[in-house]
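Biologist: Thanks for sitting down with me over this one. Could you take me through the model, giving your cut-offs as we go?

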Amino acid sequence: MEDKRNIQIIEWEHLDKKKFYVFGVAMTMMIRVSVYPFTLIRTRLQVQKGKSLYHGTFDAFIKILRADGVTGLYRGFLVNTFTLISGQCYVTTYELTRKFVADYSQSNTVKSLVAGGSASLVAQSITVPIDVVSQHLMMQRKGEKMGRFQVRRNLEGQGVVAFGQTKDIIRQILRADGLRGFYRGYVASLLTYIPNSAVWWPFYHFYAEQLSYLCPKECPHIVFQAISGPLAAATASILTNPMDVIRTRVQVEGKNSIILTFRQLMAEEGPWGLMKGLSARIISATPSTIVIVVGYESLKKLSLRPELVDSRHW
């Protein structure tokens, strides 16, 4: 009899692709709605000088809520939803790369490492222009700006609404930097997210395997996976946060050099400046990763080809 502690990985060839994409888009949208406020907070904390505006994640949450209401926590969200495209490209690249690497190595760590890095490379090539615009929208505050650009105001002193703000930001980016402005920070993004993704997947499988041996055989696999996801996310966040701070500053402040941005940050705030926004990143990653892991593993189970359902033990 098969040992129930053995966590079976559903590979690309086991999936019903139509179900996989339909359920995947719906799941991704729900996740983005739930974690976006913390993404906005993390971005503002990373860009601010010292503690000039916010003293931490909770302080930022309260101040934004008081100043702008709930809608203030979702500035740039409509633009950010276009990353649904890159999200589907990410999972497709990840699964196909795992299948390709399997011809050369059966090591799950090797497959996860290569597939995670490759998936991030493809996704970031689509995501960076969307991120550049949405991050500038995240920086909009009443009375003052935090980034390079500020949306124009109407006669009542209010910013133009919805996609009017987006068009305004796009025009300013084009005027200042041309088309290259939409890929500002592209290298920094690759240096942040490729390692993050490459590290997350192997640690996710590693933690799940270790937990499977510590818990009773009767414990459902989804429990191991739900716990191992946030553990892997916290590990990857700690390792890659310094580059994430630099990436955000390059994109929002319009800097041209990763090295000069790093030197300026170190001169102004010291080594602790590289950890700015880490708590917001982990706080947002913990619930979101649980949802992502449970959702993704459930998605793969729901998308499993009918003839394989009875052969699997969860």
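Biologist: How many helices and strands are there in the protein chain?

Modeller: Helices (H or I, at least four residues) and strands (E, at least two) are DSSP runs, numbered from the N terminus. From the N terminus on, the elements run α-α-α-α-α-α-α-α-α-α. The count is 10 helices and 0 strands.

Biologist: Good to know! What should I keep in mind about the model itself?

Modeller: It is a predicted model, in which local features need pLDDT of at least 70 and side-chain atom pairs count only at pLDDT 80 or more, while totals for chains, interfaces and linings use all residues. Residues are numbered from 1 along each chain as its sequence is written, and side-chain values use heavy atoms, with hydrogens and water left out.

Biologist: At what angle do helix 8 and helix 9 pack?

Modeller: Axes are lines fitted to C-alpha atoms, for helices over the stretch in contact, and angles run from 0 to 180 degrees between N-to-C directions. Angles under 35 degrees count as roughly parallel, over 145 as roughly antiparallel, 65 to 115 as roughly perpendicular and the rest as oblique. Helix 8 and helix 9 are therefore roughly perpendicular to each other. Their axes lie 10 Å apart, and the angle is about 110°.

Biologist: Now the rings: is the pair of Phe100 and Tyr104 stacked, edge-to-face or tilted?

Modeller: Rings of Phe, Tyr and Trp (its six-membered ring) pair if their centres lie within 6.5 Å; planes under 30 degrees apart count as stacked, over 60 as edge-to-face and the rest as tilted. By this rule the count comes to 13 aromatic pairs. The centres of Phe100 and Tyr104 are 5.4 Å apart and their planes are at 55°, so the pair is tilted.

Biologist: Last one, how many disulfides does the structure hold?

Modeller: A disulfide is a pair of cysteine sulfur atoms within 2.5 Å. Cys89 is partly exposed at 26% relative accessible area, whereas Cys219 is buried at 19%. The number of disulfides is 0.

Key. Buried < 20%, exposed > 50% of the residue type's maximum accessible area, 1.4 Å probe, protein only.
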